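Visitor: I would like to go through this structure with you. May we look at it together?

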Amino acid sequence: MLKLSEEIVLLALNKDGTFAPSPEESLQLAITGALLTELAFLKRVDTDQNFLKVADRSDTGDFVLNETLKLIPNEQNLSIARALSACSVKADEFMRLTLESLAVKGILRKHEEKFLWVIDEQRFKVEDERPADEIRERIRRI
């Protein structure tokens, strides 16, 4: 079963390993929001419409979720916007780790390319289209 953050990455990723055009911040915030939502599902954070508080900082068994928990400020009346902002400082790293997790699961394939014949560039191309197709179909049904 895929995590919400993995599903979001799959929806944003084109088959050739590029991301669908969008403001860079929007994907970073979507990943961060997905991680906070996963923590809420695990009852590690508690939220209402405006505020978020950490209920349990113990090990989740997932490196990215643990790192996200560490980034959440320990403040009274912590706004969700502030929590998102604090956690999004590592959004690029979380994105990379999520792509690698999908590669380990066989959904993506890591591909090395040269940019301008000199600069190494890593891309993750879709290897198995079924998970992304299933996500899209689930969204259509809703």
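Visitor: Which residues lie nearest the centre of the second largest pocket?
Guide: Leu-52, Lys-53, Val-54, Glu-75 and Asn-77 lie nearest its centre, among 15 lining residues. A pocket here is an open set of points on a 1 Å grid over the protein atoms alone, where a 1.4 Å probe fits, with protein on both sides within 12 Å along at least five of seven lines; lining residues have an atom within 4 Å of a point.

Visitor: Before going on, what kind of model is this?
Guide: This is a predicted model, in which local features need pLDDT of at least 70 and side-chain atom pairs count only at pLDDT 80 or more, while totals for chains, interfaces and linings use all residues. Residues are numbered from 1 along each chain as its sequence is written, and side-chain values use heavy atoms, with hydrogens and water left out.

Visitor: Back to the pocket. How much space lies in the second largest pocket?
Guide: The space is about 200 Å³, a volume being what is filled by probe spheres set on the points, with grid points joined across faces, edges and corners.

Visitor: Which elements give two or more residues to its lining?
Guide: These are S1 and S2, and S2 gives the most, with three residues. Strands are DSSP runs of E with at least two residues, and helices are runs of H or I with at least four, both numbered from the N terminus.

Visitor: What is the lining like by class?
Guide: It has six nonpolar, four polar and five charged residues. Ala, Val, Leu, Ile, Met, Phe, Trp, Tyr, Cys and Pro count as nonpolar, Asp, Glu, Lys and Arg as charged, and the others, Gly among them, as polar.

Visitor: Now the overall fold. How many helices and strands are there?
Guide: The protein has six helices and four strands, in the order α-α-β-β-α-α-α-β-β-α from the N terminus on. The C-alpha trace spans about 50 × 40 × 30 Å along its principal axes.

Visitor: What percentage of the residues is buried?
Guide: Of the 142 residues, 35% are buried. Buried means under 20% relative accessible area, exposed over 50%, and partly exposed in between, with a 1.4 Å probe and protein chains only.

Visitor: And the largest nonpolar core: which members touch the most others?
Guide: Leu-10, Ile-72 and Leu-108 do, in a core of 29 residues. H2 gives the largest share, five residues. A nonpolar core is a set of buried Ala, Val, Leu, Ile, Met, Phe, Trp, Tyr and Cys residues joined through side-chain atoms within 4.5 Å. In soluble globular proteins, nonpolar side chains tend to be buried together.

Visitor: What does Ile-72 touch?
Guide: Leaving out residues up to four places away in sequence, Ile-72 touches Leu-36, Leu-39, Val-45, Leu-52, Val-54, Arg-57, Leu-78 and Cys-87. Contact means heavy atoms within 4.5 Å.

Visitor: Changing topic, how many salt bridges does the structure hold?
Guide: It holds nine. A salt bridge is a side-chain nitrogen of Lys or Arg within 4 Å of a carboxyl oxygen of Asp or Glu.

Visitor: With which residue does Lys-105 form a salt bridge?
Guide: Its partner is Glu-6, with the closest N and O atoms 2.8 Å apart. The pair links distant parts of the chain, 99 residues apart: Lys-105 is in the loop between H5 and strand S3 (108–115), and Glu-6 is in helix H1.

Visitor: Is Glu-6 buried or exposed?
Guide: Glu-6 is buried, at 1% relative accessibility, whereas Lys-105 is partly exposed at 42%.

Visitor: What else is in contact with Glu-6?
Guide: Thr-98 is in contact with Glu-6, and also with Ser-5 and Val-9, leaving aside the neighbours of Thr-98 within four places in sequence. Thr-98 is in helix H5 and is buried, with a relative accessible area of 4%.

Visitor: Which residues are linked in a network of salt bridges?
Guide: Glu-67, Lys-70 and Lys-90 are linked in such a network.
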